[in-house]
Amino acid sequence: MIGSFLLGGGVVAMGYELSRGPASAEGTAVAADDPAVVAEAGEGDHADPEIPSPYAAGDEDGAAQDPGEGGTEPSESEGPRPPFLQPDEQGHYQSFPPIYEGEPAAFGEAGEAQYPRHGLVTSLAVVVREQADLQSPIIGVLHAGTRVRTDAERTFGGGCEQGWNRVFPRGWICRLAGLRVEETPPPASLVVASVRPDTEAALPYEYWRVKDEMTPFFHRLPTFNEQDQADAAGSAWYAKHAREPMPTDTSKRPSDVPAVVKEYMNAGYYVTKGGEEVRMERRFLRTLRGAYARKYQLRQKESPEFRGQVVARPSDLPIYFVRRELPLMKRETEGSDVLIESGTTPERLSTHPFVDQVHIGNKVYYVDGEGLLMRGYAVGKASPLKRPPGVNSDEHWIHIDLSEQTLVAYDGDRPVFATLISTGKEPGMTPVGVHRVQTKLVAASMRDQPQEDEAYSIDDVPWTQYFSGSVALHGAFWHAGFGQVRSHGCVNLSPSDARWLFGFTDPPLPSEWHAVSPTKGTKRGSAVVVTE
C-alpha cells in the first residue's frame, strides 16, 4: 500500500500535542504527517548512558560472507534453536518471536530515582519524541491505557505549554497529548474504554468488514430519528456520487446529514472492534476510534490460515511454493514434448519438492524427482542470497524477490524462514534496493487512498513495518492471494507471517509500546533487501 497513513493513533496524538501549542509548532504538524518524516530513523551508535542497551555490538562494516548455494550447516555447538525457529511436522513455525525488548536492566534504586512518578495514557494515543521538543523525531507511540514510569519534574519549552515528562526507557511525552502523571499509579477509570492488542495472535484486534454502501458511523448512539435521517442522507449521496467518499468536514457535506454522523464508509472498508452496546433493542459495534455502527451492517473477518516455512538447514533452500493451482503434467512418452495431466494437483500455497527447471518448447517448467512438471509462472522459488555489504553478520535481515513473490528472512548468513508475499502490481511500486526498517507499528490505519482490490479504508492494518517512505511490510487479512502481485507497493504477508516477521526484525518495541522507530541507544532497523 502506498499513501497516507496514521500511526495507529499517532497523528491524532500529534493533534493533541499541537492543538494549543505556539504558532511556530504548526509547521511540525504538517511535516510530521509526511511518512518520510514520521519514519525518520536515527542510527546513532552512542547510547544514552542512563538507559542500558540490551544489544550487543556488531561488525559495522558487515563483511558479506558468501554462504555458497546452501550456506553453512548448523553445528552442535549452536545449541537448541528458539521455539519460533523450531518447525512442526508441516515445516511451519510453532510460535512467534517476542516483539518487546528484554528488560534492559532491573528497575532498582537507580530506576526509581530517575523515574519515580507513574504515568497513564488517557487519550487515544500519544507520541514519544526523542527530545522534549515538538520538532524532535518521533520514536514511538503509546495507546490509551498504557502505563509508564516518568521523571518527577516537568520540562517546559519545545512547544508544549503543559510541559514534558521523560519516560522509561527513553523519550519524552508532551502532557498536553494525554498523559496523566501522579505519585502513585493513576486509576484505570481515567481512560475511556480501550482494547489492548493481542500480541500473541495473528490478528491483534477483531476486524470487521463493512457490508453496505454508505454505512453511517456515529459519534454516539443515535436515536431512531437520527438513524433514519442518516440513512436517507447516505442514500441520496450514493445515488448522485456512487462510491465517492462524503467529506467528513460538516461544513462541506450536505445539510441533510445529521450532526451525529461522524462519517460514512462503503462496502469493503474495515474497522476494528472496541466493544458492543445495545440501545432500544438495536445492537451497535463500537470501533477502536470510538465511532458506532449498527452491527448487522458489519461482518467479522477472519485471518487467512497460510503460514510460511521454517528453514531448518540452509541446504533446505530453495523452497518451491505453489502460487497457482495447476495440475502436475508428465511427458506423454519418455523424451516427448507432449504433456498430459498426471492426475495430481498440488494445493495452492503448499510446497512441492521440485529439483530443476527445464524448457519445453518456449515454456519454462519446474520438474520434480519423478519427472512431473509445473509451469514456471505457477511456482515461487525461495532461493538463498548472499548477505549484502553493510549488513552485519549478527543482524536479522530480509530478502524480497519481486519476480518470485517470495520472502526469505536471515540471521546473519543463515536463512531461517521463507514465505510467499504479494507486492506492487506495477514495476517500481515496491522499490528495489537495500532499505532499513524505519518505523514498526503493532497496527497502522491506512486511509484516503485506493487499498488493494477490496478496500479503500482499513483501520489498524496489523504488524506494519515501514521501510521506504510509505511502503511497508504488513499483514493482509482481506485477501489470501499471496504469491501474486496485488498491492500498490506494500509487501503483503499473511497476518501470521507478518506477526512472525514483526518479532524477528529490529528494533524491538519497549514494553507495552504500540510503535517504535530506531534512535540512539537502540539497534538500527533491520535491512530489507528488494531484488527483481
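Me: Which residue is the bridge partner of I398 in β26?

Reply: Happy to start there: I398 has A409 as its bridge partner in β26. A word on the model first. It is predicted, with local features needing pLDDT of at least 70 and side-chain atom pairs counting only at pLDDT 80 or more, while totals for chains, interfaces and linings use all residues. Residues are numbered from 1 along each chain as its sequence is written, and side-chain values use heavy atoms, leaving out hydrogens and water.

Me: How many bridges join β25 to β26, and do the strands run parallel or antiparallel?

Reply: The general idea is that strands of a sheet pair through backbone hydrogen bonds, either parallel or antiparallel. Here strand β26 (residues 406–411) runs antiparallel to β25, and 6 bridges join them. Strands are DSSP runs of E with at least two residues, and helices are runs of H or I with at least four, numbered from the N terminus. Two strands pair if DSSP finds at least two bridges between them.

Me: What is the strand order in the open sheet?

Reply: The order is β17-β27-β26-β25-β34-β28, an open sheet of 6 strands with mixed pairing. Its edge strands, β17 (309–310) and β28 (433–436), each pair on one side only.

Me: Which helix lies across β25, β26 and β27?

Reply: That is helix α6 (residues 495–504), running at about 30° to β26. For such angles, axes are lines fitted to C-alpha atoms, for helices over the stretch in contact (heavy atoms within 4.5 Å), and angles run from 0 to 180 degrees between N-to-C directions.

Me: Is H399 buried or exposed?

Reply: Buried means under 20% relative accessible area, exposed over 50%, and partly exposed in between, using a 1.4 Å probe and protein chains only. With a relative accessible area of 6%, H399 is buried. H399 lies in β25 (residues 396–401). Leaving aside residues up to four places away in sequence, H399 touches residues including L385, V408, Y410 and V529.

Me: Which cysteines does a disulfide join?

Reply: A disulfide is a pair of cysteine sulfur atoms within 2.5 Å. C160 and C174 are joined, with an S to S distance of 2.0 Å. The pair links distant parts of the chain, 14 residues apart, with C160 in strand β7 and C174 in strand β8. C160 is buried at 3%, and C174 is buried at 0%.
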